Amino acid sequence: SDGENASDDEEIVRVVNSDDPDSPFFRPKIPDFTARSGITDIVNRPISDDIMFFVNMFIDNDFFEFLCDQTNLYAIQVILAAPRPFTRYSLYQTWTPVSVKEMKFLGLILITGIIKKPTLKMYWTEDPLFCTPIFSKTMPRNRFESILAFLHFIDNSIFHESSDRLYKIRPVLERLSDNFSKVYTPEMQLALDEGMLAWRGRLRF
């Protein structure tokens, strides 16, 4: 009958317009895009062609100071808890607080991802066949290994265990995310290709 047909039509409209996320007809309500894309007004300096201009916008001195504070704190915590006596050339015996300038050794770590060598020691070799001078010019190998051993992003005395599986690096992620959002507003249309996120294993979160 006409009444039954009308009822069926109303049911179809209700299902199609369902607000139930589990419904196969669910369509999220996406607000209109009103943001102004591009570099934000917070960047009050003239745009430069120098690549470091852009690096410093996202990874600034405050970020490096934070890394220094957490790394130096962790070094103190480990050294105080370590058994005595220390040997003469022990990592604990030779440690000195890391500075912002030294913390930029992260650049050397990035280079190791581009220039592959079988051991870390080989990056400091003086053999003309294998040498990469930027490493020895930047800092001694022992100092690099010392900073790398104590590199830390969170105060262990405050955070012990957490349901957040990324809690060890969460402060870094939040700082970087905050800097990114302050500096740049993306376009409305974004695309992520699976090739940008290569992964064949399984994540438990």
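**Notes on the model**

1. At 0% relative accessibility, Phe-135 counts as buried, the cut-off for that label being under 20%. The model is a predicted one, and the values in these notes are computed from it.

2. Phe-135 has a ring partner, Trp-124: the ring centres lie 5.2 Å apart and the planes stand at 70°, so the pair is edge-to-face. Phe-135 belongs to helix α7 (133–138), whereas Trp-124 sits in the loop between α6 (106–112) and α7, so the pair ties together parts that are eleven residues apart in sequence. Trp-124 is buried too, with a relative accessible area of 11%.

3. Over the whole structure, a search gives ten aromatic pairs. Another of edge-to-face type joins Phe-63 and Phe-64, with 5.8 Å between the ring centres and 80° between the planes. Both partners are buried: the relative accessible area is 6% for Phe-63 and 10% for Phe-64.

4. Which residues form one aromatic cluster? The members are Tyr-74, Phe-86, Tyr-92, Trp-95 and Phe-150. One of them, Trp-95, also has a charged residue over its face: Arg-143, at 4.9 Å from the ring centre.

5. Helix α9 covers residues 170–183, 14 residues in total. From first C-alpha to last it reaches 20 Å, close to the 20 Å expected at 1.5 Å a residue. Its buried residues are Pro-171, Val-172, Leu-176, Asn-179 and Val-183. They cover an arc of only 125° around the axis, which puts them on the same side of α9.

6. As for the chain overall, nine helices and two strands are present, in the order α-β-α-α-α-α-α-α-α-α-β along the sequence. Of the contacts with a separation of 6 or more, 64% are between residues 24 or more positions apart.

7. Buried residues make up 23% of the 205 residues in the protein chain. The accessible surface comes to about 15900 Å², and carbon and sulfur atoms account for 58% of that area.

Key. Residues numbered from 1 in each chain as written. Predicted model: local features only at pLDDT ≥ 70, side-chain atom pairs only at ≥ 80, totals over all residues. Heavy atoms only, no water. Helix = DSSP H or I, 4+ residues; strand = E, 2+ residues; numbered from the N terminus. Buried < 20%, exposed > 50% of the residue type's maximum accessible area, 1.4 Å probe, protein only. Contact = heavy atoms within 4.5 Å. Areas by Shrake-Rupley, 256 points an atom, 1.4 Å probe, with all protein chains shown as cover. Expected span 1.5 Å × (residues − 1). Arc of directions from axis to C-beta. Phe/Tyr/Trp six-rings, centres within 6.5 Å; stacked < 30°, edge-to-face > 60°. Lys NZ or Arg CZ within 6 Å of the ring centre and 35° of its normal.
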